[in-house]
Amino acid sequence: MRPGALALVSASLLLLLGAGAVPSLAVESPSPSSPSSLADTGGGGQLILAEAPRANSTTGTLSWWERRWDGKWGKVGSAAARFGAKGLVEGRARKQGSNTTPTGLYDLPYAFGIKAAPSGTRVKYRRVNASSWWCEDTRSRVYNRWSEPLARDCRASESERLVSYTAQYAYGVVIGFNYAKPVKGRGAGIFLHVNGRGATAGCVSVPVDAMRQILRWVDPGRAPHIAIGTVSGVTSITRY
């Protein structure tokens, strides 16, 4: 989703991750912002929570958690986050071009970036080049897919040339919204990526340091997921 300009404050996360040290995990306390309060966590051992105060909010918090040996969840880190310029909406009801962030529980198919993957990255990482596009053309057979070069049936005016977003797509992770079996018109190109200077057009964004640390932390062998939602209401993160 075209990110436009994004703004964000700094992340509060352990810098030890970059040095290869193992962080101590803070044991969760019962709250709407802990994995144990969710209806589903995806069945894996890693979970990212992206939570906004209300459905019309454009800012909130991103936190990432690991399931410990005893089955309890420990929080690894957190950062301030930005959401769509028009807030958040239930993923199944979302419409393309609405500038809303889809709520729900999603997998994380792969990571990508204009810059090289941070040292220690284990998740599949695809490097962006001048021919890398994300097709958002509802008439295309490659709708909501990376297209390199741009497919003939995908209009450039309806898609993103990834290299054009030097700040936002320095690092990113594909969020599995409308990805496995795309419904045309629901939305394409929903990512977790680096912040710019304003709200997003539907993605979730965080500071660059947080994005680097998340990439080092994500372990594809632990089936990582992301839950996006609000503190309460019909889009409450606890429903997912």
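Leaving aside its neighbours within four places in sequence, with which residues is Leu-62 in contact? Contact here means heavy atoms within 4.5 Å, and on that basis the partners of Leu-62 include Ile-48, Leu-49, Ala-50, Leu-192, Val-204, Ile-214 and Ile-226. The model is a predicted one, in which local features need pLDDT of at least 70, side-chain atom pairs count only at pLDDT 80 or more, and totals for chains, interfaces and linings use all residues. Residues are numbered from 1 along each chain as its sequence is written, and side-chain values use heavy atoms, with hydrogens and water left out.

Leu-62 is, with Ile-175 and Leu-192, among the residues with the most contacts inside the largest nonpolar core. Such a core is a set of buried Ala, Val, Leu, Ile, Met, Phe, Trp, Tyr and Cys residues joined through side-chain atoms within 4.5 Å, where buried means under 20% relative accessible area with a 1.4 Å probe, protein chains only.

| Core | Size | Residues named |
|---|---|---|
| Largest | 33 residues | Leu-62, Ile-175, Leu-192 |
| Second, separate | 14 residues | including Val-128, Tyr-165, Val-174, Ala-188 |

Buried residues make up 53% of the 240 residues in the chain. A polar atom of the Ser-57 side chain lies 3.0 Å from the backbone nitrogen of Arg-54.

Definitions and conventions:
Buried means under 20% relative accessible area, exposed over 50%, partly exposed in between (1.4 Å probe, protein chains only). A polar contact is a pair of N or O atoms within 3.5 Å; within protein, one must be able to donate a hydrogen and the other to accept it, and residues adjacent in sequence count only if both atoms are side-chain atoms.
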